[in-house]
Amino acid sequence: MSFATSQPTAPIAQSSTISGFGHAAQAIEALWWRDIVRFYRQRSRIVGALATPLLFWLLLGSGFSGSFRAGGAESSVGYATFFYPGVMVMIVLFTAIFSTISVIEDRREGFLQAVLVAPISRAAIVAGKILGGSTLALGQAAILLAAMPWLDIHPGASGVALAVLVLTLISFALTGLGFIIAWQLDSTQGFHAIMNLVLMPMWLLSGAFFPPQGASSWLRPLIVMNPLTYGVAALREALAPGAAGVDAPSFGFSLGVTFVFALATFLIARILANRPLDTRLA
Amino acid sequence: MGETIIEACGLGHLYGERRALDKVSFGVPRGEIFGLLGPNGGGKTTLFRILATLIRAGEGRARIDGHDVSDEPHAVRQRLGVAFQSPSLDGLLTVRENLQHHARLQGLGRADTLHRVAELLEAFDLGERAEARVATLSGGLARRVDLARALLHRPAVLLLDEPTTGLDPGARRELWRHLDALRTRDGSTVLVSTHLMEDAERCDRLLLLDRGQVVALDTPENLRHDVGGDVIVVHGGDPQVLADDILRTLGETAAVVDGTCRIRRQRGHEFVPVLFEALPGRIEAISVGRPTLEDVFLQRTGRHLLEERSADE
């Protein structure tokens, strides 16, 4: 049996550990990798991740398109074209946020403590976690993107590239939001409750489902203040220029707000993670 | 004794109104197995978390290998290996994947990670289960993987929180065999928090903590010696009734511990026949032995180690 080296009293093997930026990148990669492995080892999550977009794909592609046209609204834009970005955002929203439930489980099961006493910055922990959730959310969005030709949506290569950019930012922002909420909660039940309280209104008031221009006056400020509104607008504009309507915010502005949203959730998550764990752990 | 590697000076901590730690000071020389013994809620966990850099001490300072745990957490974390009460492992990952994941977090390079993981799998006899998912392992085996995890980066100081909780006697002995080997071969310093006598007996020195305060600090041997005399353990019916009768008939104070009645006396063997005569037909079994750490705790605090399972820690 040999536990270590010939230098028993050496403080640590400094020479063999990498430091600084390389270490942070490696830690982020390790945390990201763990989230991906955990995902594909849980069959129910894979089924859910594949089935949800496929279900919407089917429903949107055939089921409801007739009923929407019969209503007469949005006659210039097909139902699928209007509704599609909203569905995409919804799927990203749920996957991204629910991936952060593992923060609560990790703390309860003791996994998180070992991560917290590893010599890595809290920013790296937050980044690894957010990247893991974002990757899973983007993967699901990609399935929906692949379905576009069958739904008669033809954004072209540059449109797809812009859509991926917007979806990446939205995924990042929403995983960050999930992290902020999960970090402060002790039970997964509480997480679900808050999610329903915050997420559903956030999605409904983002213009994903109803055109924001038609909202009543008391809802308008809520829609304008909702950062997700701009994610949906940017995505809609990327996939079908002009589809969002004339009084919708411009693509550049929407993209900017979404970027700030992503940056803000990351920074807030980082601040929270930096606070020493105190009584909550006791 | 070598240089002091863990140093605590006037540590204190409050959770709201409740004082969890009060003016705790001690030093641990390099290469020692140092035990924190006390009842649940006595302050062990708070002290452990301060040393592990998870919470900041409200008062006082602590240093690990010369680095302040509050001001230089990064330097301290590089030198610490920590195993918590429940193993910090991902059940969905295999044993090898868990170790590799943690080695990456610790900053080991790719080659060093492979080498170190292989080395520890062998040292802890985990080779055959390396590709098994951790969720399928027994508690004892998972604990061993977790200990290996804490040692990946060759920490100078190992902190273990209740490491034998939930282990059967065989697995417990096995764990201690590994800890002893670590100390003798590598000169590692180990700090163990526990509320179990068997664990405490194995430490070089013990810090007895009660209600957040240091009650005693010495070797298990010296602590027992200070109690002095013998301990007579009497079994027979309700221990409290027995203790009351012993006090009434013989004027001797008996403590009720763990369903037994214990009397501390010089020359205990001479007291045994006296007990039999005073309590005819009531005694089912009786033993005379040296004081245990339980007796030490009882004498120093007037309370038992095993009681006071408070809900808040």
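I take a contact to mean heavy atoms within 4.5 Å. The model I am reading is predicted.

**Entry: confidence.** I looked up the scores before anything else. The predictor gives the complex an ipTM of 0.82 and a pTM of 0.83. For chain B I note an average pLDDT of 88, with 97% of the residues at 70 or above, as "at least 70". Residues 308-313 of chain B stay under 50. The model still has 16 contacts beyond four places in sequence for residues 308-313 of chain B. Where pLDDT is low, predicted coordinates should not be read in detail, so I leave that stretch alone.

**Entry: helix H6 of chain B.** I located H6(B) at residues 169-186, which makes 18 residues. From first C-alpha to last, H6(B) reaches 25 Å, close to the 26 Å expected at 1.5 Å a residue. I then checked the two ends. At the start, a side-chain oxygen of Asp168(B) comes to within 3.0 Å of the backbone nitrogen of Gly170(B). After the helix I find Gly187(B), with a positive phi near 65°.

Which residues of H6(B) are buried? I list Arg172(B), Glu174(B), Leu175(B), Trp176(B), His178(B), Leu179(B), Ala181(B), Leu182(B) and Asp186(B). What covers them includes three strands of chain B, S3 (33-37), S7 (157-161) and S8 (189-194). The cover also includes helices H4 (110-123), H5 (139-151) and H7 (197-201) of chain B.

Entry: I traced strand S1 (residues 4-15) and strand S2 (residues 18-29) of chain B as an antiparallel pair with eight bridges. Opposite Leu11(B) I find Val24(B) in S2(B). Two residues lie between the strands, and Gly16(B) in this hairpin has a positive phi near 60°.

Entry: Most residues other than glycine have a negative phi. I looked up two residues of chain B with a positive one.

Asp65(B) has a phi near 50°. I place Asp65(B) in the loop between strand S4 (59-64) and strand S5 (67-68) of chain B. Is Asp65(B) buried or exposed? Asp65(B) counts as buried because its relative accessibility is 16%, and the cut-off for buried is under 20%.

Arg267(B) has a positive phi near 45°. I place Arg267(B) in the loop between strand S13 (260-265) and helix H10 (268-278) of chain B. With a relative accessible area of 51%, Arg267(B) is exposed, the cut-off being over 50%.

Methods. Residues numbered from 1 in each chain as written. Chains lettered and ligands numbered in written order. Predicted model: local features only at pLDDT ≥ 70, side-chain atom pairs only at ≥ 80, totals over all residues. Heavy atoms only, no water. Pairing = 2+ DSSP bridges. Helix = DSSP H or I, 4+ residues; strand = E, 2+ residues; numbered from the N terminus. Buried < 20%, exposed > 50% of the residue type's maximum accessible area, 1.4 Å probe, protein only. Expected span 1.5 Å × (residues − 1). Polar contact = N/O pair within 3.5 Å; in protein donor to acceptor, adjacent residues only side chain to side chain. pLDDT = per-residue confidence, 0-100.
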